[in-house]
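Let's walk through a strand and its partners, then turn to a pair of packed helices. Have the structure open as you read.

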Amino acid sequence: MTEAGGAEHSHVLDLEPPRPGPGQLTVDVAYAGLNFVDVMARRGDGGYTATWPHLPGKEVAGTVRALGEGVTGPAVGTPVVAATRTGGLAQVAVADADLTVPVPDGVPLEVAATAPLGLATALLLLTDAGRFAPGESVLVHSASGGIGTAVARLLPHLGGGRLLGTVGRPEKAEAARRHGYDAVHARGTDPAGLAARLRAANDGRGVDLVLDPLGTAALDLDLDLLAPGGRIVLFGNAGGGTPDPLPPLPRLLGANATLTGFSHNGLLTHAPAKVADAVRRTLDLLAAGGLDTPVTVLPDLAAVPAAHDLLAAGRAEGKYVVAPGQAS
């Protein structure tokens with residue numbers, strides 16, 4: 001990505017394969033995951049890219065190509081997944097060794113590629129940031145996207161609960177229902193009506209946990225719907241721009257609400273072991289055969305900008321990965 005903007009600034013280039021530095025390894029990438037964070041980087045949102053050009057891609061699956069100084073494993077040739085800081089959308093990617101996890105037998109690499117930022121993020125949102133307890137109700141905005149789909153697949157493994165969702169477009173509601181949502185509604189322009197429909201879908205009760213990637217755009221709705229003692233986790237700013245100020249303290253106090261921020265990049269920097277552990281847990285669920293995650297596989301890197309356009313327009317469904325081809 002050469003500058004902020006749209007697909008016209010995304011290019012596939014032939015570069016020298018990167019070499020691992022101390023504490024790093026390189027991966028011959030079989031599949032790389034696409035994520036909305038790539039879209040936020042592409043449009044130049046603050047905090048998502050420091051310089052141009054930017055090499056996008058935050059998660060890969062493949063085999064270990066080479067080990068950097070001080071790294072003793074996984075051994076060269078081992079199937080792994082890795083959370084990459086940048087550059088995952090490539091034939092060869094650099095990853096920190098402590099953010100690289102071997103893939104268990106029986107887990108296809110195209111499915112494993114959804115774990116580092118997709119499934120693991122959903123697990124951390126529910127368990128670490130959201131403190132989900134079995135039987136609680138959960139509301140997820142952008143329910144038909146990659147994280148929303150992952151939440152639906154993971155929730156039964158955490159004890160289950162009533163799962164509600166919102167989508168930006170009415171035609172996407174059915175897709176979210178197919179993935180496991182009990183009720184899904186388009187956000188539209190009537191927040192009071194939406195709140196009433198969601199509350200009715202939860203038997204008239206407030207929601208225990210809200211997972212919200214919309215910045216502060218839906219925060220009034222979240223607070224209106226929240227059960228006493230409920231939690232709201234803000235984990236993105238999908239609409240871009242400058243978020244509105246947070247609600248005044250008396251409103252949070254009156255709602256007995258917990259408002260939490262979640263940053264995957266922050267965890268990569270400050271708590272990599274927590275990310276790696278979440279990746280292992282989701283891979284173990286996949287290996288056990290109880291976790292099913294739908295994946296759309298793109299044929300090559302040239303198909304990525306158009307897929308990013310779908311994500312940016314809110315027209316994507318579920319999780320996308322790309323097969324970048326064999327490196328020399």
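## A strand and its neighbours

Seven of the nine residues in strand S10 (residues 226–234) are buried, so S10 is largely enclosed by the rest of the structure. Buried here means under 20% relative accessible area with a 1.4 Å probe, protein chains only. Helices (H or I, at least four residues) and strands (E, at least two) are DSSP runs, numbered from the N terminus.

S10 pairs with strand S9 (residues 207–212) in the parallel sense over five bridges, where pairing requires that DSSP finds at least two bridges between two strands. Leucine 211 sits opposite valine 233 of S10. Going from S9 to S10, the chain passes through helix H7 (residues 219–225) in a right-handed β-α-β crossover; right-handed means that, with the strands pointing away from the viewer, the path from the first strand over the helix to the second runs clockwise. S10 also runs parallel to strand S11 (residues 258–261), joined by four bridges, and valine 233 stands opposite threonine 260 in S11.

## Two packed helices

Helix H3 (residues 115–129) packs against helix H10 (residues 272–288) at an angle of about 105°, with the axes 8 Å apart. The axes are lines fitted to C-alpha atoms over the stretch in contact, and angles run from 0 to 180 degrees between N-to-C directions. H3 and H10 are therefore roughly perpendicular, a label for 65 to 115 degrees.

## About the model

This is a predicted model: local features need pLDDT of at least 70, side-chain atom pairs count only at pLDDT 80 or more, and totals for chains, interfaces and linings use all residues. Residues are numbered from 1 along each chain as its sequence is written, and side-chain values use heavy atoms, leaving out hydrogens and water.

Technical notes:
Parallel < 35°, antiparallel > 145°, perpendicular 65-115°, else oblique. Buried < 20%, exposed > 50% of the residue type's maximum accessible area, 1.4 Å probe, protein only.
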